[in-house]
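Let's take a friendly walk through the places where these chains meet. Have a look at the structure below, and then we will go through two of its interfaces in turn.

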Amino acid sequence: MQSPELFWAMRILLPLFLGAVVTYVIGKIISRIKGDRAGGVVAAVIALVVTVAAYILCFTYPGAASAGAESGIAWLGSLKPDALSLLMAKIMFPLVILVAIYSLGYMKDDSGTDKYYALMLIMAGGMMGVVGAGDIISLYVFFEILSISSYCLVSFRKESWEPIEAGFKYVIINALGSTVAIFGLSLLYIYSGSVSMAEIAAHISGLPDLPVLAALALITGGFGVKAAMVPLHSWLPDAHSAAPSGISALLSGIVIQVGFFALLRLILGVFPLQMQMVGTILIILAAVTTTYGNFIAIAQKDIKRMLAYSSVAQMGYIILGFGVGFYFHSADGFTGGLFHIETHAFMKALAFLSVGCIIEKTGTRRIADLKGVGRVMPATAVAFTIAALGLAGIPAFSGFMSKLMIYKCGFQAGTALGVVLSSIAILNSIISLGYYMPAIHTLFSPAGEAAAKVKGTVSPAILLPIVIMVLITLVLGWHPDLGLGPVNAAVLEILNIIGG
Amino acid sequence: MNLAVNWVWMLTAIVVIAGLGIFCIVTRRNMFRMLMGFTMLTKAVTLAFVTGGTLWGQPGLGQTLAIIVIVIEAAVTAVGLSMIVNIYRHYGAVNTNQIKRLRG
Amino acid sequence: MLIYVLLALMALSAILVIFCRDLLYAVISLGTLSVFTSILFYILGSPFASIMELSIGAGLITILFMATISLVEQPRVGHAKYSGRSSISFFALAAVVATTIWVALSLAEGVPGPAAAASAAALPEVLWGIRLLDVMGLSVVIFTASIGIGVLFRTEGGK
């Protein structure tokens, strides 16, 4: 029986990183011979083959059956994939595949798309490394792979000023964040003399409080930057709105969640004794993040910035689920948080992809200028409407189901705090309607200037991922149990670790 | 390794250099200087790893971690510098208060 | 004793990086900081890390900064920008340094005493043995950075 870490290295990481090299080299050769566009298409096809193959391979995960199996390779000890990692893989791969298909249509006029797909594969590999890492150094290395590739993808369209400026802001704030995090980790190394999470946890249980709390604060702050917790979120609206729409979908859908996942992994692995306190901090941060994100989103005039701020708010829901889980030791909180990661990934990606399509056709990002676009591009506008209603948590869409779990876990905790938290979450859902409804209303109001500019049909490569994501959002809204299988396995894993 | 060093002062120096790096990133408006602050911060991190390796009698592990951090630092600095060159091509300026068009 | 002198010099060159008016001198201070760090590494018994710090930190990064600055900066920019703010900055800096020293001193409770090199695996065994995955990760980092820089400097006609 293959051990989990050998499986992770050989069937997930190796195909992605090797695939990135192959994509880049072959794409480059073809674009030299046949021109840029052909090279981009070839690169996209290779990237698609690689991701689909890795996605199919990840269903052969040996799982609990192989718990005792040893790989016999010492250096693979720094990987420690479990059900949590598998859940993130099952969310990420479909997203990357759909975005790659979308980019075939969306990026066809850009130059250098061979590099675009290679960077996208590296980003996917970095994410899989972060979720599978078992010690602090591998976590940091893969986190930096993820960060560097996303810096370059955000400023991919370097011909205009906005991606470049947002890109520099993204680089400097995120580099600060991850370096502060590794600084906290290096303090842990000084105190414990080990890089494996289990050994660090064993060592620091005997330490005085202050060094441990300092390291915890540095780590929370550092990864909090990547997870866009509110005082540290200022890079997110710029980067997510300046990036090409496919990349915005990936960034909002999965990358910030992976940033939070790194923090989660460290809390579970290194700070089991501080769990109650971490829960308190996460709850406060989550309440502030959600409320702030929603209120600022109302004021936005640019539709992509509005969606970016809504990502901040939705991140708050996810953090709230985990905070409640840690604070009350409730499995429902973890289920809600993880399921919201899953549903939000597809809803937010759907919103960004459909908006990207609308922006490409009309050439404007101002909400007020988008009047009547829904009448000339009905399919895309309906897709956006479904995504927005799902994000607002309207029943019958997948977002409602995951938010419902988060509301429920607060009420079930039975204390005043839980009830207050659930009420804040519900109120925020209503507030968020305050910016989704006007946007939808504008799209479907009588025709304006922008609608007149739309000509030609949307290419099938753009439409296909949008249709698939609409289906996922609707199906998960009616049958949440279809998506809950891997989530429940992951929650069992967490409960195993915290012993609740 | 028997060094007559007061490790408290070592730790103090590490924290001070890290603090100076963060201070540099947060307060300076020149983009080059912000990147230099980042470099200073990673110096503190490498120093912390080497110190830890010496303290626990694992010079191999401590050096390995330091080397990993140094290489990543160089890669991030290179990407950051090429962004600065691109910004200069768009704006003709390298100070953040001269280029700030994005809000929030 | 030498270690304390080096630590003081490092802090000094870090302050110079922040407050030196001319960017080129700031870069040189940064390089000096690297050199001091690398000497310190050598004294602490880490010759390989010392060489890496010297060649990458003091060499490569300094040259990258120098090249980019001379590509971008006109000779006079960098002066006259923060003459009025400098006193405030110095107070802020003093506050930062005081706080960090206080934090560091209170952090020092849990620091272990120096250990004899009991489990001293040599660097090559560690680097190419148990940390091989991270070394592979580093090669991916370098590949990513080179593709990324290629993206940022590509010259083919864009959108």
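C:Arg131 and A:Asp135 form a salt bridge, with 3.0 Å between their closest N and O atoms. This is a predicted model, so please read every value here as computed from that prediction. Between chain A and chain C the count is one salt bridge. The same interface also holds five residue pairs in polar contact, with both partners at pLDDT 80 or more.

Which elements of chain A give two or more residues to the side that touches chain C? They are α1 (4-34), α4 (113-132), α5 (136-154), α6 (161-192) and α8 (209-226) of chain A. Of the elements on this side, α5(A) gives the most, with eight residues. Sorted by class, the side of chain A that touches chain C has 28 nonpolar, six polar and eight charged residues.

## How much chains A and C bury

In this contact, 42 residues come from chain A and 31 residues from chain C. Together the two chains bury about 3,100 Å², and 71% of that lies on carbon and sulfur atoms.

## Where chain C meets chain B

Now turn to the other interface. Here the contact draws 81 residues from chain C and 63 residues from chain B. Chain C and chain B bury about 6,500 Å² between them, with carbon and sulfur atoms giving 78% of the area.

The count of salt bridges between chain C and chain B is one. To find it, look for the side chains of C:Glu53 and B:Lys43, which meet at 3.3 Å, N to O.

## The chain C side, helix by helix

Which element supplies the largest share of the side of chain C that touches chain B? That is α3(C), with 15 residues. The elements that each supply at least two residues of this side are α1 (2-19), α2 (23-43), α3 (47-72), α4 (86-107), α5 (123-130) and α6 (132-152) of chain C. By class, the side of chain C that touches chain B divides into 62 nonpolar, 11 polar and eight charged residues.

Technical notes. Residues are numbered from 1 along each chain as its sequence is written. Chains are lettered from A and ligands numbered from 1 in the order in which they are written. This is a predicted model: local features need pLDDT of at least 70, side-chain atom pairs count only at pLDDT 80 or more; totals for chains, interfaces and linings use all residues. Side-chain values use heavy atoms; hydrogens and water are left out. Contact means heavy atoms within 4.5 Å. Buried area is the accessible area (1.4 Å probe) that two parts lose on being put together, summed over both. A salt bridge is a side-chain nitrogen of Lys or Arg within 4 Å of a carboxyl oxygen of Asp or Glu. A polar contact is a pair of N or O atoms within 3.5 Å; within protein, one must be able to donate a hydrogen and the other to accept it, and residues adjacent in sequence count only if both atoms are side-chain atoms. Helices (H or I, at least four residues) and strands (E, at least two) are DSSP runs, numbered from the N terminus. Ala, Val, Leu, Ile, Met, Phe, Trp, Tyr, Cys and Pro count as nonpolar, Asp, Glu, Lys and Arg as charged, and the others, Gly among them, as polar.
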